[in-house]
Amino acid sequence: MVAGELLSSEGHAALDARIELMPGPTPLEFLPRFSEAIGAEVWAKRDDIGSLGLLGNKVRKLEYLVAEALRDSATVLVTVGAAQSNHARATACAAAKLGLRCVLILSATSSKVPGGNQLLDLLFGAEIEFVEGDSWDLLEEALAARCDELRREGQRPYSIPMGGSTPLGALGLARGYLELAAQLTDQKITAEAVIHASSSGGTQAGLELGRALLGDGPAIRGIDVAKAPGILEEDVAAIATAAATLLGLERSWSPYEVTLDHAQLGAGYGLPTPAGEAAIRLLARTEGILTDPVYSGKGLAGLIDQVRRGVLRGPLVFWHTGGTPAIFDATHAARLLETLSDTPNG
Ligand SMILES: *Cc1c(COP(=O)(O)O)cnc(C)c1O
């Protein structure tokens, strides 16, 4: 993995300090029928497929987080998330593979049968505990309290915040950007931008850092699926700056350097939008590739919208961050069924 001349040997070592949870580079695939349908050349970076627990972008962060957990001799991974958290599922999966205990603290839902990601959490052997309400602050408080309790029981908990979006976790996406850049060079593609769903900020921060390491490459455009305008820009800038420090790099980001589109959020995090659902149908029916109503569908809707408005012309890379298990959650499945015939082609 070449990261330019910027990194010291310590920086390279930090970028290499991971536990491999992925089988190698994820595919970069051209989407011919989707491209034709929207009028721009689009490629997909397929972080949604692979060998471990349905992958997704969270696995890239976990490669670094879990390496730290093992250095700390942790006995249990503890994390938090929404009821259908992909990050929680990916953590449960990584814990299973490494033989660690896993405690997940999730927002309670009304549905009585655990579907989608929660079914997978249980299959991976994680213990799920519920917190009423979906305030991210309440979840983080519950995480700290549960870790204290586990310590009193003689366990060594490794605590992972919402989305795994720590500076260390972001290194996984910096590495991901370098991986993509090598694939683009191999295939002789000069991409205009990378578009992806953005929520807790670690993915976008890591991609920004990767781009800074190369000093070149397609711009990063996040599609906000979680926060009010302004907040996520600050989170991304702070995480990217701290992640650069981990590599011994003196580079800082201001929120104004972070590009985010807030037009796809709709009524809020986790709530489907007609544009997101139309994007899900269009990609499914042109390429046979699945996206989800919480993240990747809204991310794709942002890409389509920016092409239609002439903001982007292509070639583009849609970073497919995963999230597909959520469509098997009863609420999401019912809603998707209702909207299937909304418009013939997206
Ligand atoms: C978590 C997640 C994102 C957003 O990544 P962040 O690092 O939290 O911004 C996007 N897509 C999917 C499917 C996710 O699970």
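Domain 1 and domain 2 bury about 2,900 Å² between them, and 65% of that area sits on carbon and sulfur atoms. Keep in mind as you look around that this is a predicted model.

- Where they touch, domain 1 brings 38 residues to the contact and domain 2 brings 31 residues.

**Who does the burying?**

**Charges and polar pairs across the interface**
- Three salt bridges turn up across the interface of domain 1 and domain 2.
- For a salt bridge you can find by eye, go to arginine 18 and glutamate 63: their side chains meet with 2.8 Å from N to O.
- There are also nine residue pairs in polar contact across the interface of domain 1 and domain 2, with both residues at pLDDT 80 or more.

**Domain 1's side of the contact**
- Three helices, α1 (9–16), α7 (167–186) and α8 (202–214), each give at least two residues to the side of domain 1 that touches domain 2.
- Which element has the largest share of that side? It's α7, with eight residues.
- Sorted by class, the side of domain 1 that touches domain 2 holds 19 nonpolar, eleven polar and eight charged residues.

**Around the ligand**
- The ligand has 16 residues around it, and Lys58, Lys61, Ser200, Thr203 and Thr321 come nearest.
- Lysine 61 reaches in with its side chain: one of its polar atoms there lies 2.6 Å from an oxygen atom of the ligand.
- Serine 199 uses its backbone instead, with an N or O atom 2.7 Å from an oxygen atom of the ligand.
- Glycine 202 also has a polar backbone atom to look for, 3.4 Å from an oxygen atom of the ligand.

- Most residues other than glycine have a negative phi, and most peptide bonds are trans, so exceptions are worth a look.
- One exception is the cis peptide bond that joins glycine 314 and proline 315, where omega is about -5°.
- Proline 315 is in the loop between α11 (296–308) and β10 (316–320).
- You'll find serine 73 in the loop between α3 (58–71) and β3 (76–81).

**A loop that meets its helix**
- Serine 252 lies in the loop between α9 (231–246) and β9 (260–261).
- Which residues does serine 252 contact, leaving aside its neighbours within four places in sequence? Those are Thr241 and Glu257.
- Serine 252 and threonine 241 are eleven residues apart along the chain, and their C-alpha atoms are separated by 4.6 Å.

Terms used
Residues numbered from 1 in each chain as written. Predicted model: local features only at pLDDT ≥ 70, side-chain atom pairs only at ≥ 80, totals over all residues. Heavy atoms only, no water. Contact = heavy atoms within 4.5 Å. Buried area = accessible area lost by both parts, 1.4 Å probe. Salt bridge = Lys/Arg side-chain N within 4 Å of Asp/Glu carboxyl O. Polar contact = N/O pair within 3.5 Å; in protein donor to acceptor, adjacent residues only side chain to side chain. Helix = DSSP H or I, 4+ residues; strand = E, 2+ residues; numbered from the N terminus. Nonpolar A, V, L, I, M, F, W, Y, C, P; charged D, E, K, R; others polar. Near = heavy atom within 4 Å.
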